[in-house]
Amino acid sequence: MITEAASQPAQAPRSWLPGRLARPGIWQITAVTVALVLALPVLVIFAHVFIPSGEVWSHLRETMLGEYVANSLLLLFGVGVGVLVIGVPVAWLVSVCEFPGRRVFQWALMLPLAMPAYIIAYTYTGMLDFAGPVQTLFRELTGLGFGEYWFPEIRSLTGAMLMLTLVLYPYVYLLTRAAFLEQSVCVLEVSRTLGSGPYASFLRVALPLARPAVIAGLTLALMEVLADYGTVAYFGIPTFTTGIFRTWYGLADPAAAAQLAAVLLSFVFVLILLERWSRMRARFHHTSSRYSNLPRYRLRGWKASAAVAACLLPVLLGFLIPAMQLSIWAVRTREHWMNPDFAQLVFNTFYLAAMAAAIAVTLALVLAYARRMQGGPITAIAVRVAGLGYAVPGTVIAIGVMLPFAWFDNTFDSLMRDWLGISTGLLLSGTLFALLFAYVVRFLAVSLQTVEAGLGKIKPSMDDAARSLGVRPLGTLTRVHLPIMRGTLLTALLLVFVDVLKELPATLILRPFDFNTLAVRAFELAGDERLAESSSAALAIVLVGLLPVILLSLTIERSRPGQRQRMRRRNGDSARTEPIAVPAGTRGA
Amino acid sequence: MFRNSLRLLGIAALGAAIGLPVSASADGEVNVYSARQENLIKPLLDDFTRDTGITVNLLTGRADELLQRLRLEGRNSPADVLITVDAGNLHQAKEAEVLSPVDSPVLNERIPENFRDVDGHWYGLSLRARPIMYNKDTVDPSELSTYEALTDPKWRGRICIRSSSNIYNQSLVASMIASNGTEATSEWAEGLVANFARPPQGGDTDQIRAAAAGVCDIAIANTYYLGGMLAGDDPEQRAVAEQIGVFFPNQDGRGTHVNISGAGVTAHAPNPGNGVQLIEYLTGEEAQRWYAEVNQEYPVRPEVPTSETLQSLGDFKADSLNLSLLGQYNAEAVRIMDRAGWR
């Protein structure tokens, strides 16, 4: 039931001239324009590479560069393994198995997503540090003193790997689960009639089918690792991001800092190439449109306990424990934060995150769809470049946004002063527009990866069918793809929303006067080592993030093919064969 | 329906983003870029508005980035006043020509010469010292003398200090370059690194806690962190802080390293008069006392009393180095620490 479809996307509209590049279509032009605008900040930074900075660069090479490279690579490797080991198995468990608490776990496993990495790092350090409650209790119980026992050092490279893994595995989990849920039951049933047990179906059928989604999730997590500043800075681990800051400001050499950023970007290119390469050999599409509810494997005994433990552990460590510690601190410091100001903070944060998510997903859809409709090397490169911002630290993006915006404002202002004698001042700099632009640049990759993964699973014959019935490309998108991709789109919205909620560096430097967000508040206090006082803002980030996480999780679950019937019947698990779901006019073409 | 709501959201987003007004600067306003975080400046700004009727618009952020923004915005920048928490940043702002000279007899009279810029580009608002802190159980203060003496092998594996990426350490090392020269400071940094109890990690409070817990015996940290722990309402923090003694080094020589938080009026300030008025207000007696009581900083005006907590740490002689030099030697300091392996 799996075919290796033609490696070309659906055919472009018929043109008088042969060849794809001969006459760029409207989709291609739009995609390249959007991509160029979004790539501007990254390109601006990249342009600094050509400014010579020989002396500082050789100083870096002699002293810190090796360490930056080694630590960043180790961090990538550790977190990469970590998010896969946690994310994929739990996604499989909650998607196709039945065990106590499964319904709760399927959304609870997303919760750590709402936890900013630097906050979880601060929280665990507060708890596990030598002077923290855990070790103090241990010393009191055993009567041992410093140096007389071994305790893992939280502020280490391994500690950073753990912290980042705990908050980043949901990327892999979310995308992989969405992929499992969208898989046709026929594929799995065939694998089972051919004699595969549950493990073999997983390893040989479901996992390969979900591979694009797994890799997309992994790529997102790894790019996030490369851009992380807060955690590694607090743990004192020299990586590319801390190096960029230090070189830019401490050594006062933006050119050398940009060259570091360029090396960082080359890491990203390698990641992207690896991802492409892993997908190159085959594109999998379901040929069957017969979706029906998947019978779940019912786990019993120790297997059920193991499944519960496997799902509980990441939620406990990545969410419940830190959230509890934050709550304790928040209650202790309540007089510091219970005021109307706080409501305004929550509103600002929510508003920005919702806006940025809507824009980022819309643009991602345009780009991904353009690739599908009128693919070709130019569009492909443009789309890749537009997504680069995700691996670039927020501050660097912010500077990349400020440079062209300020240039535009000041040039326009000069022209107006010369011609009309009026000053237009700053039109773009210091507005929410600049901030939203930076968010989209930074987080487009999140929506793009998700949307592409979703779009890639829709077989091209669907497009052909729609087109042969006379539907234009835009119509195909809105009437065929969007309804099928509902779950994917919501996932993309959720991911960007939560990312913006947590975003700090770009917000800090680009926001207008008297405009704060929860992340800014949490950072100001945590950065000044008032951890307990920052807890209320950190907790609010988590809570504001929680609502959409739960809502969207339910929607994603419902978006599963065949799920609507199940919801009506209410006892889907026992039903081996469900009526085939064919949502209005989309399937069965 | 989903599609429509998506489209609506998108349109709303663009509309709202573009429609939002740029912060205008009318009369009776002053716009502040502050590296001093909101809760440590807003109360004073509110008082200023109450007393003068001038509205204050505030943007907080990291000093380097605010400076970058100021530089890029150029002559159209809405900012009137830049506030930072390190003299090095103020010096860099002056070098970047984003500050304008202020000639205020009030400020010149109130603020000692070494805590303000020669040309009036910036003025100090509050002081903080970076002394040696020690565990009272394991260290006898008579063993301590100067920053330089911390490289003595007897301190091997006993010193805690935060990362060299931190501006306070960069300024400390810059002050040593200014008085001892590059070569001696390089040797000193290597000697200090050899005596580290652990790779640098965490903030100043973490160093104090580590010294109290016995991870190390000596921590180098800013006074207000310890002051905050002593004066705060968390009994656990207070208990930790009480195990720590403060030693002000180099009393027979140049004095203990101090730094300032300070402010300057920007080069293209739309409301320069209000800016000067604000800085004068921040050096007023009431504001000065506020720094001391709320954030445990030393007032920049010698005649204003410090808080009881700070008084309990004792008087000391502060390094009288011209603080502009901290900014001048900043990059050199970072290189020295890079080479010494001070992470």
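Trainee: What are the ipTM and pTM scores of the model?
Mentor: The model is predicted, and each chain also carries its own confidence values. Chain A has a mean pLDDT of 79, and chain B averages 88. For the model, the scores are ipTM 0.76 and pTM 0.80.

Trainee: Which element of chain A has the lowest mean pLDDT?
Mentor: In chain A, 84% of the residues reach a pLDDT of 70 or more. The pLDDT stays under 50 over residues 1–22 of chain A, and also over residues 563–589 of chain A. Among the elements of chain A, helix α3 (residues 65–96) has the highest mean, 92, while the lowest, 40, belongs to strand β1 (residues 2–4).

Trainee: Over which residues of chain B is the pLDDT below 50?
Mentor: In chain B, 92% of the residues score at least 70. One stretch has 35 contacts in the model beyond near neighbours in sequence, yet its pLDDT is below 50: residues 1–26 of chain B.

Trainee: Why does the radius of gyration of chain B agree with that of a compact globule?
Mentor: Chain B has 15 helices and 11 strands, and its C-alpha trace spans about 65 × 60 × 45 Å along the principal axes. Of its 343 residues, 57% count as buried. A compact globule of 343 residues would have a radius of gyration near 20 Å, so there is agreement with the value for chain B, 22 Å.

Trainee: What share of the contacts in chain B with a separation of 6 or more comes from residues 24 or more positions apart?
Mentor: The contacts counted here are those in chain B with a separation of 6 or more. Residues 24 or more positions apart account for a share of 77%.

Trainee: Which element of domain 1 of chain B gives the largest share of the side that touches domain 2 of chain B?
Mentor: Chain B is divided into domain 1 (26–127 + 258–305) and domain 2 (129–254 + 318–340), with C-alpha centres 27 Å apart. Their contact takes 14 residues from domain 1 of chain B and 22 residues from domain 2 of chain B. On the domain 1 side, the elements giving two or more residues are α4 (87–95) and β10 (258–266) of chain B. The largest share of that side, four residues, comes from α4(B).

Trainee: Why do the buried residues of helix α12 of chain B lie on the same side of α12(B)?
Mentor: In helix α12 (residues 285–295) of chain B, the residues B:Q288, B:Y291, B:A292 and B:N295 are buried. They are on the same side of α12(B) because they cover an arc around the axis of only 120°.

Trainee: Which elements of chain B do the buried residues of α12(B) pack against?
Mentor: Just after α12(B), B:Q296 takes a positive phi of about 55°. The packing partners of the buried residues in α12(B) are β5 (123–129), α9 (223–231), β11 (298–299) and α13 (308–313) of chain B.

Trainee: Which element gives the most to the side of chain A that touches chain B?
Mentor: The contact between the chains takes 54 residues from chain A and 54 residues from chain B. Helices of chain A that each supply at least two residues to this side include α2 (54–63), α15 (340–374) and α18 (432–456). With eight residues, the element that gives the most is α17(A).

Terms used. Residues numbered from 1 in each chain as written. Chains lettered and ligands numbered in written order. Predicted model: local features only at pLDDT ≥ 70, side-chain atom pairs only at ≥ 80, totals over all residues. Buried ≥ 20, exposed ≤ 12 C-beta atoms within 10 Å, placed from the backbone. Arc of directions from axis to C-beta. Contact = placed C-beta atoms within 7 Å. Domains from an automatic or database assignment. pLDDT = per-residue confidence, 0-100. Rg over C-alpha atoms; globule rule 2.2 N^0.38 Å.
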